[in-house]
Amino acid sequence: MRAILLPVLLLAVAAALALPGTARAAPQAPGKPVVLVLVDGLGWEEVRREPALRRVFENGASATLSTAQGDRPGEPLTGYLLLGAGARADTGVLPGELPPEPPAAAGAISARVPSVRPGSLGEALRRAGVEVAAVGAKARAVVMDREGRVPLLYAGESPVRHLEAALAAGAGFVAVTADGPSEAGELAETAVESGAVAAVASPNAPPGAPNLTPFAITGEEGILYSPSTRTAGLLASQDVAPTLLARMGLEVVPAMQGRPAEVRPGSPEEARRLSERISFVAGERHRTAATALALSLLPFGAFFWALGRRAAGPCLLTLAIMPAATLLAAALPLTSPLPVAALVAGLSAAAAWLLWRLAGGGPAAAAAVLLANAGIIAVDAASGGELMRFSILGYNPAYGARFYGIGNECSAVLAGSLAAGLGVLSARGRPRAAPLAAAGCAAVAALGLPVMGADVGGSLALGLGLGATIGLLRGGWVGAAAGGAVAAALFAASPLLFPGVSHGSRAAAGEIGLVEMASRKLEPALATFASAPLLLLLALLSAVVYAGWRRARGTPLAAGLVGAALTAAAYAALNDSGLLAGLYALFYPAVAALLLLTGALKAPR
């Protein structure tokens, strides 16, 4: 029991120490009206070109804003309604078409996703007694209350004049729609000259670009930091409404999923460079880098294979350690496809060959590579995923699927390589239970704790899979139940340890509907099982694992292969990436099986 509790306690302490340091709270503006300027399709180049906008960004706090979770909304009004809700939802589950009137459109969104409540910002302002004004129909969608009401509503061809009229009428919060960057700069400048706090936001990113836009709010200079993203200079659209409420000294309503942003030292240029790096991960250049990497491996693999069976081990393990190499390559600020692909290929080959030579080949070398792959990913996840967010295998913060921790791909790679690595390690002799349990608990905690991976499904799958692997290696099935119990306990305790830090901790606390969240994740997971190429790959990898199991049958290594395959099955069942996550995990027992089949690894009898 101590072997299980000790790593959990140590990781909890490390997680507490890893919590972000205290930032300077954004200064409140009691008595000052707030003007939110809304402009669609704003980019950093427009901010540079428009002098008035540039002054707002240079004389305030700025950030890159991730505008949508999923693809760009087909209906532009969706972005405005989500901004006023202080919440996000995958655009794949939102209505593709909305009624033209904001109140009816808000009802259509809430009917599809009850946890998203457009009108929350307006409701909070109304209850606080703040006079609210909207200039334009889309601005109304941001500041209306839950019934669709806005006390002061303006429409017409002169938003600057209407803004001045709203402020003269005593409005404490004004949302105004701008027709382009030039007018947005003029509106922001008018607001500042009138003594108001000005904020500039774009509910929808430019067409064809990643879901990233600039955001700024006047006042203290710096860059904005939100607990939602745990990244200085990056906000989620759900954070805009809470940030504006906090700037006015008002409480954030429970219906909002976002968190108020704080000010940290920095400049708009830092936020712009961050946007450029994230755009690389999100855009076509990211896919080009991945394609170039895959193509570079064909001649590389053929070269090693031509050297004979002695080179089969390093060749296979070069592929196995590649995910860790993508993280190491992300430490450099490269945004060009070919250099990234070349660097990843070179790091993978060097790491695999070096570990193979140092360990003298065989099970020790294979286990070292597999466990190093899992270890590097786990360390990065435990530190907040600083490298993962810029890796070509990482998650995509531009689309809001995840902002920190570990993405589904790397989570599955960690699980598969760790389970397969423990299985290969058993080829050298029956491992002791305590170290296995300690490694398993540490990995489950790194995935599941909100300030680390915050991957609830991955944590449960890893707990069950590693528990089954350890149970098989030790000759019993108790480990599977113990592993699942550790993951479930971490999930249940997350609201007490880290309240409100992630969707998982809020779901465990009952703030978000657990059934609703699970059902939303189940839909995309089931869709992956309808893909013929993925099913074909599943059959191929399963056949390889089966052949390896047949070769090692009756040995601890065979038990390890079964355990790693069960880990992959758990990922396919419990992860919202479904079969895709399962295949990432299944690749690693397949590598171990190929090492057996090529003679690079011997199964002891």
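**View 1. Arg272 and the residues it touches.** Arg272 touches Trp44 and Arg48, leaving out residues up to four places away in sequence. Contact here means heavy atoms within 4.5 Å. Arg272 lies in helix H11, residues 268–282. Helices (H or I, at least four residues) and strands (E, at least two) are DSSP runs, numbered from the N terminus. Is Arg272 buried or exposed? Arg272 counts as buried, because its relative accessibility is 15%. Buried means under 20% relative accessible area, exposed means over 50%, and partly exposed lies in between (1.4 Å probe, protein chains only).

This is a predicted model, in which local features need pLDDT of at least 70 and side-chain atom pairs count only at pLDDT 80 or more, while totals for chains, interfaces and linings use all residues. Residues are numbered from 1 along each chain as its sequence is written, and side-chain values use heavy atoms, with hydrogens and water left out.

**View 2. The whole chain.** The chain has 25 helices and 11 strands. Of its 605 residues, 57% count as buried. Take the contacts in the chain with a separation of 6 or more: residues 24 or more positions apart account for 72% of them. The mean pLDDT of the chain is 80. pLDDT is the predictor's confidence in each residue, from 0 to 100. A value of 70 or more is reached by 76% of the residues. Residues 1–26 have pLDDT below 50. Beyond near neighbours in sequence, that stretch has 47 contacts in the model.

**View 3. Helix H6 and its cover.** Helix H6 spans residues 120–127 and is mostly covered. How many of its eight residues are buried? Six of them are. They are Ser120, Leu121, Gly122, Glu123, Ala124 and Leu125. Several elements cover these buried residues, including helix H4 (77–85), helix H7 (137–143) and helix H10 (240–247). Strand S4 (132–135) and strand S6 (173–177) are also among the covering elements.

View 4. Gly129 sits in the loop between H6 and S4. Its phi is positive, at about 80 degrees. Gly129 counts as exposed, because its relative accessibility is 63%. Gly172 is 43 residues away from Gly129 in sequence. In space, the two are 9.3 Å apart, C-alpha to C-alpha.

**View 5. Arg230 in its loop.** Which loop holds Arg230? Arg230 lies between strand S9 (222–225) and strand S10 (234–236). Arg230 is not a glycine, although its phi is positive, at about 50 degrees. Arg230 is buried, with a relative accessible area of 12%.

**View 6. Helices H14 and H16.** Helix H14 covers residues 322–329, and helix H16 covers residues 362–382. Their axes come within 8 Å and cross at roughly 40 degrees. Axes are lines fitted to C-alpha atoms, for helices over the stretch in contact, and angles run from 0 to 180 degrees between N-to-C directions. H14 and H16 are therefore oblique to each other. Angles under 35 degrees count as roughly parallel, over 145 as roughly antiparallel, 65 to 115 as roughly perpendicular, and the rest as oblique. The crossing of H14 and H16 is left-handed. That means the near helix is turned anticlockwise from the far one by less than a right angle; clockwise would be right-handed. H14 brings Met322, Pro323, Ala324 and Leu327 to the contact. H16 brings Asn373, Ile376, Ile377 and Asp380. By class, the contact has six nonpolar residues, one polar and one charged. Ala, Val, Leu, Ile, Met, Phe, Trp, Tyr, Cys and Pro count as nonpolar, Asp, Glu, Lys and Arg as charged, and the others, Gly among them, as polar.

**View 7. Leu355 in helix H15.** Helix H15, residues 337–359, holds Leu355. Leu355 counts as partly exposed, because its relative accessibility is 25%. Leaving aside neighbours within four places in sequence, Leu355 is in contact with Ile321, Ala365, Ala368, Val369 and Ala372. Pro314 is 41 residues from Leu355 along the chain. Their C-alpha atoms are separated by 8.9 Å.

**View 8. Helices H23 and H24.** Helix H23 (residues 532–552) packs with helix H24 (residues 556–574) at an angle of about 155 degrees. Their axes are 8 Å apart. H23 and H24 are therefore roughly antiparallel to each other. Their crossing is left-handed. On H23, the contact is made by Val545, Gly548, Trp549 and Ala552. On H24, Leu557, Ala558, Leu561, Val562 and Ala565 take part. Eight residues of this contact are nonpolar, one is polar and none is charged.
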